[in-house]
Amino acid sequence: MRGRFTDQGGLFSYIAPDKRVPANHPLRKVRDLVRDVLSDLNRSLGALYASEGRPSIPPEQLLSALLLQVFYGIRSERQLMEQLDYNLLYRWFVGLSPDDPVWDPTTFTKNRERLQNGQVFTRFMAKLLNHPQVKPLLSDEHFSVDGTLIEAWASQKSFRPKDGSDDDDGANFHGQKRKNDTHASTSDPDSRLYRKAAGREAKLCYMGHATMENRHGLAVAGRVTHANGTAERRASETMLKARRKAAGRRITAGEDKAYDTADHVANLRAIGVTPHVTQNQAVTKTGKTRNSAIDQRTTRHPGYGMSQSRRAMVECIFGWGKQHGTMRKTKHRGIARVAADFLLNLIAYNLIRIPKLLAA
């Protein structure tokens, strides 16, 4: 017998959102981890708000929504709120009932500074890595470091002379000598004009840096700096110094050949880090073979080869963030906001990976 078609169906639903999410849905374990971390952050989040006044949107819901934005590559907070309004899976993850109204997209604009200034993303990463289920997965001795370019939310036309000598609209810049010393972007002054390699186009961008532990390839630290020729090495030294202090003993660090400079290798050894850097013995333009700062005292050990094989996994972090997350081209302006978004991408990558590792 043919069923009767009713366009709207019932007016009321008595099924809880949790029942509508499949028992084996991957977001279930992710949600449990997020709830545990947010519970540990309760006191830190409470210190960011006044004790009196109109109640705000709970920061736990804001953080959960921001994680959803990275998980599914949603390009803007406005589109995030649109999907949160009708997607029951998103409502369940954030903690909204089917009848709760969604908030205005500008809520993120107003509260992002509060979360950012309160170091909430950094504390979230630390609490996640110290979770009882996550900590045994991490190596506290062997790490890898790499950097990537994050395209800024600014056009080439905005890169104008600092002294204001350019009186046109900046569209015709061909043939001009433009340098970061004399020019700056009017849209995002913190961004820098930088080219990835010889023969590649120069772009306004930032440089993101990540430290990965070598056991399971989870991100344990992240930074964003201005894009320049020494940023990768200086950021590596800063992050590895903190990891060395936390470990309490000598650690190893795998890095690619861009880090193969005498001063960087010496700085790592001085802070108690064994540099497992890829040897850069390329032939220069003059036909000479470049001398590597890494010799057989380091390469003869089996650990050097193991670090080199594991080092490539750090590219998966950047690849996931640019293909699925929001790292390919940032929608934020200012190095502090870009850094917070970069760290959020690292947290989201870990949250995707950890349930799979625990299941294995």
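## Two helices side by side

Angles under 35 degrees count as roughly parallel, over 145 as roughly antiparallel, 65 to 115 as roughly perpendicular and the rest as oblique. With that in hand, look at helix 9 (residues 231–247) and helix 10 (residues 262–270), which pack at about 5° with axes 10 Å apart. That's why helix 9 and helix 10 count as roughly parallel to each other. Helices here are DSSP runs (H or I, at least four residues), and strands are too (E, at least two), numbered from the N terminus.

This is a predicted model, where local features need pLDDT of at least 70 and side-chain atom pairs count only at pLDDT 80 or more, while totals for chains, interfaces and linings use all residues. Residues are numbered from 1 along each chain, and side-chain values use heavy atoms, leaving out hydrogens and water.

## Salt bridges

Now for the charged pairs: a salt bridge is a side-chain nitrogen of Lys or Arg within 4 Å of a carboxyl oxygen of Asp or Glu. By this rule there are 11 salt bridges.

Buried means under 20% relative accessible area, exposed over 50%, and partly exposed in between (1.4 Å probe, protein chains only). Take the salt bridge of Arg-91 with Asp-85, 3.3 Å from N to O: Arg-91 is buried at 3%, whereas Asp-85 is partly exposed at 44%.

Methods: Axes fitted to C-alpha atoms, helices over the stretch in contact; angles between N-to-C directions.
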